[in-house]
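The following note sets out a number of points on the structure shown below. It is intended to be read with the structure open alongside.

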Amino acid sequence: MSAVEDEDDMVLSPSPSALKFDLVARCSTTKARAATLRLPHGPVQLPMFMPVATQASLKGLTPKQLEETSCRLCLNNTYHLGLKPGQKTLDAIGGAHKLQSWPHNILTDSGGFQMVSLLKLSQVTEEGVRFLSPHDGTPMLLTPEHSISLQNSIGSDIIMQLDDVIATTSPDHERIKEAMLRSVRWLDRCIAAHEKPESQNLFCIIQGGLDLELRKECCRAMVARDTPGIAIGGLSGGEAKAEFCKVVDICTSLLPEKKPRYVMGVGYPEDILVSVALGADMFDCVWPTRTARFGNAVTSTGTSNLRHAAYAYDFRPVEEGCQCACCRPQSEGGLGVTRAYIHHVAAKETAGAHLLSIHNVHFLLELMRRAREAIVEDRYPAFLVDYFDKLYGGEKDKYPQWAVDALKGVGIDLMSNL
Ligand SMILES: [Zn+2]
């Protein structure tokens, strides 16, 4: 899998692990890191954004098109794959890589979050998550053991523990504490049930709501269990961004340096870039593809809705200079699609959403590539200053206060002129 490495730089986890985390560079100002994560289906570069292919397909994109965005790690949903095609079919075909002809890495969630968010009638007990089948209403139970068994059948390179997820905005502190402690107990059950630790990497999920003491306690308990990677969960549920940043910051300060850190459900470029400065490495979100279906293009100057009449006669690419298959001129092997064309098809044809999905996913992956390059060259603070300057057209009074404050906490003053 990987080339010969310097033994001193290698992280050999005493517990089974199917990954290797090579720390490449650390920002001398912020907590940002650049790393290479070597997974069973090839290496990926951190920090990274992972697009979400819910039903083993990224809405609107073929696996080949996804590959062309430079994506080498995408998400699949265990809940959806477990329902259809189902575990038997997954076992018969040999897992999700074969099912979707995807030769690169896959990360699966535990299925728990999907259930709690999709099914109003779900109920969490110590045993697992109880719910009524969306097909025929029969009572079903997702246990930590069943979640891991499904993910073992899917064969994903990174699998997630079943956790007890509570909205960060919940006022019920006792319930948040119970969920955090239960998530630790469920991790132990997941570790015991995991049959393929030599080929699939189990990540724990830090819970504890917005209570920093609970988060610290959870970090200590989860880190002691020594999983190959660590996720920070339960965020992006409508909490204030300042609170979100505090949680990410406190968790990363307690996590081992030589393991990947994944902040779940984060997809806005600003949130990702600030989280990277706070020491996080991996992110996922349906937002770039979902927003494409509403005609929104994500660009370095913000998100614009190409359905707006102003784009009817705009014959520039979605973003000038963008090297995605959609924006790249035909003379350079791309499709040479214009804003006017997307405007024309956005409302009535799925092609508009497909093209914008290609652009949006490419935009985020390229943003991460540039962020990584800046970290490696130790100019991440200047990169962030430039990014915010461009995004807000030089109007500093429009910068979100939470971002200014969070970055100040790691040594960057966005408001000064570097
Ligand atoms: Zn593009």
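1. The model is a predicted one. Helices H11 and H12 are oblique to each other. Their axes come within 7 Å and cross at roughly 135°; an angle over 145° would have counted as roughly antiparallel. The crossing of H11 (residues 339-346) and H12 (residues 350-376) is left-handed. On the side of H11 the contact involves Ile-342, Val-345 and Ala-346, and on the side of H12 it involves Ala-351, Gly-352, Leu-355 and Leu-356.

2. A second pair of helices may be read in the manner of the first. Two packed helices are described by the angle between their axes and the distance between the axes. For helix H7 (residues 212-224) and helix H8 (residues 241-254), the axes come within 10 Å and cross at roughly 30°. Angles under 35 degrees count as roughly parallel, and H7 and H8 are therefore roughly parallel to each other. Their crossing is right-handed. H7 contributes Leu-212, Arg-215, Lys-216, Cys-219 and Arg-220 to the contact, while H8 contributes Lys-246, Val-247, Ile-250, Cys-251 and Leu-254.

3. The next point concerns an open sheet. Its 3 strands lie in the order S1-S2-S3, with antiparallel pairing. Strand S1 (20-26) and strand S3 (42-46) are the edge strands, each pairing on one side only. From one strand to the next, the twist averages 15°. Helix H12 packs on this sheet and touches S1, S2 and S3, its direction making about 120° with that of S2. Between strand S2 (residues 33-39) and S3 there are 5 bridges, and the two strands run antiparallel. Within S3, Gln-45 is the residue that stands opposite Thr-36.

4. Another open sheet of 3 strands has the order S7-S8-S9, and its pairing is antiparallel. Strand S7 (123-124) and strand S9 (139-142) are at the edges with a single partner strand each, so one side of each is left without a neighbour in the sheet. S7 pairs with strand S8 (residues 129-132) over 2 bridges in the antiparallel sense.

5. Strand S14 deserves a paragraph of its own. In a regular strand the side chains alternate between the two faces of the sheet. In S14 (residues 282-285), Met-282 and Asp-284 point one way, Phe-283 and Cys-285 point the other way, and all are buried. S14 runs parallel to strand S4 (residues 48-51), to which 4 bridges join it; Cys-285 is the bridge partner of Pro-51. S14 also pairs with strand S13 (residues 261-263), in the parallel sense and over 2 bridges, and Tyr-262 stands opposite Met-282. Together with helix H9 (residues 269-277), S13 and S14 make a right-handed β-α-β unit.

6. Most residues other than glycine have a negative phi, and most peptide bonds are trans. The peptide bond from Leu-46 to Pro-47 is cis, with omega near 0°, and Pro-47 belongs to the loop between S3 and S4. The bond from Lys-84 to Pro-85 is also cis, with omega near 10°; Pro-85 is placed in helix H2 (residues 78-93). Ser-70 is not a glycine, yet its phi is positive at about 85°. This serine is found in the loop between helix H1 (63-68) and strand S5 (73-76). Asp-378, likewise a residue other than glycine, has a positive phi near 55° and is in the loop between H12 and helix H13 (380-391).

7. Asp-378 is partly exposed, with 15 other C-beta atoms within 10 Å. Asp-211, in the loop between strand S11 (201-206) and H7, has 16 such neighbours inside 10 Å and counts as partly exposed. Phe-294 lies in the loop between helix H10 (287-292) and strand S15 (296-299), and is partly exposed with 13 other C-beta atoms within 10 Å.

Key
Residues are numbered from 1 along each chain as its sequence is written. This is a predicted model: local features need pLDDT of at least 70, side-chain atom pairs count only at pLDDT 80 or more; totals for chains, interfaces and linings use all residues. A residue is buried if 20 or more other C-beta atoms lie within 10 Å of its own, exposed if 12 or fewer, and partly exposed in between; C-beta atoms are placed from the backbone. Two strands pair if DSSP finds at least two bridges between them. A crossover is right-handed if, with the strands pointing away from the viewer, the path from the first strand over the helix to the second runs clockwise. Axes are lines fitted to C-alpha atoms, for helices over the stretch in contact, and angles run from 0 to 180 degrees between N-to-C directions. Angles under 35 degrees count as roughly parallel, over 145 as roughly antiparallel, 65 to 115 as roughly perpendicular and the rest as oblique. A crossing is left-handed if the near helix is turned anticlockwise from the far one by less than a right angle, and right-handed if clockwise. Two residues are in contact if their C-beta atoms, placed from the backbone, lie within 7 Å.
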